[in-house]
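Please have the sequence and the model open while reading.

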Amino acid sequence: MENILDYDYKELQTKLEHERLERYRATQIFDWVYKKKATSFAVMTNLSKKLREELSRKFKLTFPELVTKVTSKDGTVKFLWKYEDGSTVESVLLRYPDRISACISSQVGCNLGCKFCATGRSGFVRNLTSGEILAQILGMERSEKERIGNVVFMGMGEPMLNYDEVMRAIRVMVDPKALKISQRRISISTAGVVDGIEKLANEPLDVVLSVSLHAPTDEKRSKIMPINQKYPLSVLMNAIKNYQAVKGKRVTFEYILFDGFNDSMEDAKKLIELVKDIKCNVNLIPYNDTQSEFKRTPPRKAKEFEEFLKSHGLEAVIRAEKGSDIDAACGQLRRRTL
Ligand code: SAH
Ligand code: SF4
């Protein structure tokens, strides 16, 4: 039996028709699930009792169990969810003065093995379905009684390696009949899976593409990100340029500063050279400790790096750190053993 959360709007219409139910019921169901946050068919009181019973016989409406929720000093909240098969993932809710953002997971674990990332070291279990991705947002909204306006795929997993489910989830997020999140408030972060970037260029969607760069040369990048051997920088940069030629929007580069590894002025020069033909924002990320061989660049040096990029015309910013006291910061999410 399928979870109703696993359909986008059109698919649900088709499925209902297939089940000899009226297509327009999809609007009512979406309204209950995504706007009124219903967790069962029983509460959908503008549907007849008979229809509610029929829906419960034909579909599931299931959510992961909230195992733990921890709140940080800065208001960041980390959620640990458990799905029906026992798989667990984490998601994080971040509060900014002007918005609430959800950092969500796309896979249980990740198999790309970046050296600095706790998720990468915890191995890969499986992809999440679109409904399992959406349930993280619905669960956080319900738990915090707040509306999420921004979504970043920066939790566990590589979204481009779960492409179809991630796209289906995004179609529901942006659907005015469902979560109605604006497209430019959704970011997909990728370690540089080029065929995913190529596919995204052809989607009728205008989300933000964020690429985790973290090093300015193949030599250094391959040392920390094995994916660079499959898609070296020349190939990656080409794909991003093509993406930008199609979409015309700015892309974001993520660059973690590792002390003594990629934070010299020489590295900054190479980074500037690498991205010079791309309209972009560069987010400099303080490394969060994951018990790897790396150390964080001291703040003063990070500032110098930022200023150097800026003085060469790049839009660079050191990303504010959130939730590190509860291990909720970038790269610190992992599969918990319960
Ligand atoms: N797999 C995707 C998205 C999830 S990781 C990707 O790699 O882009 C989200 C972001 O957290 C990425 O930019 C990733 O490089 C970064 N990250 C991973 N480990 C980190 C750490 N220890 N400190 C800071 N950022 C980290
Ligand atoms: Fe996977 Fe992203 Fe972590 Fe790399 S940084 S191991 S791609 S989740």
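How do the residues of the lining of the second largest pocket divide into nonpolar, polar and charged? In this predicted model, that lining has four nonpolar, four polar and eight charged residues. The pocket has a volume of about 200 Å³, and its lining draws at least three residues from each of domain 1 (2–60) and domain 2 (65–326).

**Second largest pocket**

- The lining of the second largest pocket comprises 16 residues, and those closest to the pocket centre are Asn-3, Thr-62, Tyr-83, Glu-84 and Glu-132.
- Strand 1 (2–3) and helix 5 (130–144) each contribute at least two residues to this lining.
- Helix 5 gives the most, with three residues.
- Glu-84, listed among the residues closest to the centre of this pocket, also forms a salt bridge with Lys-60, in which the closest N and O atoms are 3.3 Å apart.

**Domains and their interface**

- The protein is divided into domain 1, residues 2–60, and domain 2, residues 65–326.
- Taken over C-alpha atoms, the centres of domain 1 and domain 2 are separated by 33 Å.
- At the interface, 15 residues of domain 1 are in contact with 19 residues of domain 2.
- The two domains bury about 1,300 Å² between them, and 56% of this area is on carbon and sulfur atoms.
- Four salt bridges are found across the interface of domain 1 and domain 2.

**Largest pocket**

- The largest pocket has a volume of about 840 Å³.
- It is lined by 37 residues, of which Tyr-96, Arg-99, Val-152, Asn-283 and Arg-319 are the closest to its centre.
- By class, its lining holds 19 nonpolar, nine polar and nine charged residues.
- Several strands each supply at least two residues of this lining, among them strand 5 (88–96), strand 6 (99–103), strand 9 (150–153) and strand 10 (186–190).
- Strand 11 (208–212), strand 12 (251–257), strand 13 (280–286) and strand 14 (315–318) also supply at least two lining residues each.

**Salt bridges**

- Side chains of opposite charge can pair when their charged atoms come close.
- The count of salt bridges in the model comes to 33.
- One of them joins the side chains of Glu-90 and Lys-78, with an N to O distance of 3.6 Å.
- Glu-90 is in strand 5 and Lys-78 is in strand 4 (residues 77–82), so this pair ties together parts that are 12 residues apart in sequence.

**Surroundings of Gly-149**

- Where does Gly-149 lie? Gly-149 is in the loop between helix 5 and strand 9.
- The C-alpha atoms of Gly-149 and Ser-101 are separated by 6.2 Å, although these residues are 48 residues apart along the chain.
- Leaving aside residues up to four places away in sequence, Gly-149 touches Ile-100, Ile-181 and Arg-185.

Note on methods
Residues numbered from 1 in each chain as written. Chains lettered and ligands numbered in written order. Predicted model: local features only at pLDDT ≥ 70, side-chain atom pairs only at ≥ 80, totals over all residues. Heavy atoms only, no water. 1 Å grid on protein atoms, 1.4 Å probe; cavity = no way out; pocket = protein on both sides within 12 Å on 5 of 7 lines; lining within 4 Å. Points joined across faces, edges and corners; volume = space filled by probe spheres on them. Helix = DSSP H or I, 4+ residues; strand = E, 2+ residues; numbered from the N terminus. Nonpolar A, V, L, I, M, F, W, Y, C, P; charged D, E, K, R; others polar. Domains from an automatic or database assignment. Contact = heavy atoms within 4.5 Å. Buried area = accessible area lost by both parts, 1.4 Å probe.
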